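Q: Hi! I'm new to this one and would like a friendly tour. Could you walk me through it?

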Amino acid sequence: MCGNNMSLPLLDGAATVFGTQRETAVVIFLHGLGDSGHALAESMASIRLPYVKYICPHAPKMPVQLKFFTSMPSWFDLTGLNPDDTEDEAGIKKAADCIKAIIEHEIKNGIPSHRIILGGFSQGGALSLYTALTCHHKLGGVVALSCWLPLHKSFPQAAGRNVNKDISILQCHGEMDPVVKLRFGVMTSHKLKTIINPTNIKFITYLMQHCTCKEEMAAVSNFIAEQLPPV
């Protein structure tokens, strides 16, 4: 389980964009390696829906092998960004538990689980995918930007009862991404189709590197509006 040092503080310290109306839905969006939730919160504010709360937590700092053990914000340790690289299984599961703790908190505050979307960029998108597919609550969707599915070899078994087998996923990737290569994104899309209803996966590529673009954010905005209509 997520320890106290990462559960409530992870939520309390998050960059949050509050709704301008009664909040009936939540988007939890996770940043990439070495970043923070502030930039994502600004992006979410630009596409906000008035009845949605956007939570962008900050990852704790830790030494990252990929970056020569430099300490930086990271959801879990990384040794590489290729499909066959060794993965930080314990760290990934611990981080997923922390995001699930935020989901539980929002449910207790009256937000139905199917009105909660997980999303993220790069490492944050990877964690969003893993968290959603192993979550015991039926969620509203996943936005997976320039990322991959962690511990992909453990699926579909890791999905357990797979309550999110019909979840909708928007997966986007840069065609010239030099960090998380497009082929890794394509492999992830194929893998996801063996875990959930393949017709619910939308995979879009853009002429960009490891970043976002206006067209991609427009697709994210449309996806959130479709999955979280006003009630």
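What follows is a short chat about this model, from the overall fold to single residues.

Q: Before we start, what kind of model is this, and what should I know about the numbering?

A: This is a predicted model: local features need pLDDT of at least 70, side-chain atom pairs count only at pLDDT 80 or more, and totals for chains, interfaces and linings use all residues. Residues are numbered from 1 along each chain as its sequence is written, and side-chain values use heavy atoms, with hydrogens and water left out.

Q: Thanks! How many helices and strands are there?

A: The protein has 6 helices and 9 strands. Helices (H or I, at least four residues) and strands (E, at least two) are DSSP runs, numbered from the N terminus.

Q: And how compact is the protein?

A: Its radius of gyration is 16 Å, close to the 17 Å that the globule rule gives for 231 residues, so the protein is as compact as a globular protein of that length. The radius is taken over C-alpha atoms, and the rule is 2.2 Å times the number of residues to the power 0.38. Along the principal axes, the C-alpha atoms fill a box of roughly 45 × 40 × 35 Å.

Q: What share of the residues counts as buried?

A: Of the 231 residues, 53% count as buried. Buried means under 20% relative accessible area, exposed over 50%, and partly exposed in between (1.4 Å probe, protein chains only).

Q: Switching topic: how many aromatic pairs are there?

A: There are 2 aromatic pairs in the structure. In one, the ring centres of Tyr130 and Phe155 are 5.8 Å apart and the planes are at 80 degrees, so this pair is edge-to-face. Rings of Phe, Tyr and Trp (its six-membered ring) pair if their centres lie within 6.5 Å; planes under 30 degrees apart count as stacked, over 60 as edge-to-face and the rest as tilted.

Q: Where do Tyr130 and Phe155 lie?

A: Tyr130 is in helix α4 (residues 123-133) and Phe155 is in the loop between β7 (141-145) and β8 (169-174), so the pair ties together parts that are 25 residues apart in sequence. Tyr130 counts as buried at 5% relative accessibility, and Phe155 counts as buried at 2%.

Q: What about Trp148 and Phe184?

A: Their ring centres are 6.1 Å apart and their planes are at 20 degrees, so that pair is stacked. Trp148 sits in the loop between β7 and β8 and Phe184 in helix α5 (residues 182-192), so parts 36 residues apart in sequence are tied together. Trp148 is buried at 3% relative accessibility, and Phe184 is buried at 5%.

Q: Back to Phe155: what kind of peptide bond joins Phe155 and Pro156?

A: It's a cis peptide bond, with omega about 10 degrees. Pro156 is found in the loop between β7 and β8.

Q: What about Leu151, is it buried or exposed?

A: Leu151 is buried, with a relative accessible area of 12%. Its place is in the loop between β7 and β8, and it has a positive phi of about 50 degrees although it is not a glycine.

Q: And where is Phe68?

A: Phe68 is in the loop between β4 (61-64) and β5 (70-73). Its phi is near 55 degrees, a positive value in a residue other than glycine. At 77% relative accessibility, Phe68 counts as exposed.

Q: Last one: which helix holds Glu89?

A: Glu89 lies in helix α3 (residues 89-108). Glu89 is partly exposed, with a relative accessible area of 42%.
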